[in-house]
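Me: I'd like a close look at one part of this model. Please keep it brisk.

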Amino acid sequence: MPQSPIIIAHRGASGYLPEHTLAGKALAYGLGADYLEQDVVATRDRRLLVLHDLYLDDVTDVATRFPGRHREDGRHYVVDFDLAELMSLRVFERRAPGSAAPKYPARFPGKDGLFGIATLEDELRLIRGLNASMGRSVGVYAEIKEPAWHHAHGIDLAALLLAELRAFGYTRAADQAFVQCFDANELVRVKTQLGSDLRLVQLVGTEPKYRELLTRDGLRRVAGYAYGLGPHHAQLASGPAGGRPRILPLRQWADEAGLRLHPYTFRRDELPGYAHSLEELLEFFIVEAEVDGLFCDHPDIAVRVRDSVAKVQ
């Protein structure tokens, strides 16, 4: 019987609390996630923050707190601010790009400034403390966000991230830490030039630029530097609305290459047409697709489905 997949809290318990807040990570921990995800970006003074975007506009009040600090495209970029400035911002539920409306209207409604930006150091301290007080061993799952962008601004984000992880004892493949990135060249660099022994995961999307990577030969090359592959779940299975999904060839090709599969993102408020519920979708990927891990906005549901399947099997 395949090993039960790990449940990765996607940006925390982001189905319930604003993404990448310490409160959202603490809730995800309490809901039973095995790993908490950190999207990592750098400030102007080279401090590491846990934020999904290079810019701040869709999840914070930066426009009102720092008027006139935007670039020509109208966005306020993390790299244009020092940490001290960013710590004054308030974090809210993600808004639809260019809109004041929430992207997921049924999620946390608060606009009263309850949440702030988290540094990577603070989040790693939180996880270390919870592991000590709760007697569990929950891991970290960090992403190097847009490394080429950071290099263009004179920042070696991967090196800074590895140093921060090293300071908290994450150095070996056996440690409970993954490092993921969409940039294949940067992951190769992390493995070879920076000499990391941590488990690396090659993220891929549905865009044409990943087409060559997502072939049998391409996946064999990925397996030369990466532990696993992180595709969108639509790259592993598809099906007609209301119909039965089918597993796509990528599932077999990854297995042939020896790559573990950690697809993203499973969320209750964004289901594919063939799934009637998040529970149904999760069960299909756990039982039929036999994934090795999955990213979920609702980690409690993922844990419950995984554990119920394990009992039946």
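Predicted model: local features only at pLDDT ≥ 70, side-chain atom pairs only at ≥ 80, totals over all residues.

Now the space itself. The largest pocket holds about 1100 Å³. Its lining counts 45 residues. Closest to the centre are His-52, Glu-143, Lys-145, Phe-182 and Tyr-264. By class, the lining has 21 charged residues, 15 nonpolar and nine polar.

The second largest pocket has a volume of about 320 Å³. It is lined by 17 residues. Gln-3, Ser-4, Tyr-227, Arg-260 and Asp-292 sit closest to its centre.

Next, the packing of the protein. The largest nonpolar core takes in 88 residues. Leu-56, Leu-161, Tyr-170, Phe-285 and Leu-294 have the most contacts inside this core. Helix α10 (residues 278-288) is the top contributor, with six residues. Take Phe-285 as a case. Leaving out residues up to four places away in sequence, Phe-285 touches His-233, Leu-236, Ala-237, Phe-266, Tyr-274, Glu-290 and Val-291. Another core lies apart from the largest one. That core has nine residues, including Ile-6, Ile-8, Phe-178 and Phe-295.

Definitions and conventions
Residues numbered from 1 in each chain as written. Heavy atoms only, no water. Core = buried A, V, L, I, M, F, W, Y, C linked by side-chain atoms within 4.5 Å. Buried < 20%, exposed > 50% of the residue type's maximum accessible area, 1.4 Å probe, protein only. Helix = DSSP H or I, 4+ residues; strand = E, 2+ residues; numbered from the N terminus. Contact = heavy atoms within 4.5 Å. 1 Å grid on protein atoms, 1.4 Å probe; cavity = no way out; pocket = protein on both sides within 12 Å on 5 of 7 lines; lining within 4 Å. Points joined across faces, edges and corners; volume = space filled by probe spheres on them. Nonpolar A, V, L, I, M, F, W, Y, C, P; charged D, E, K, R; others polar.
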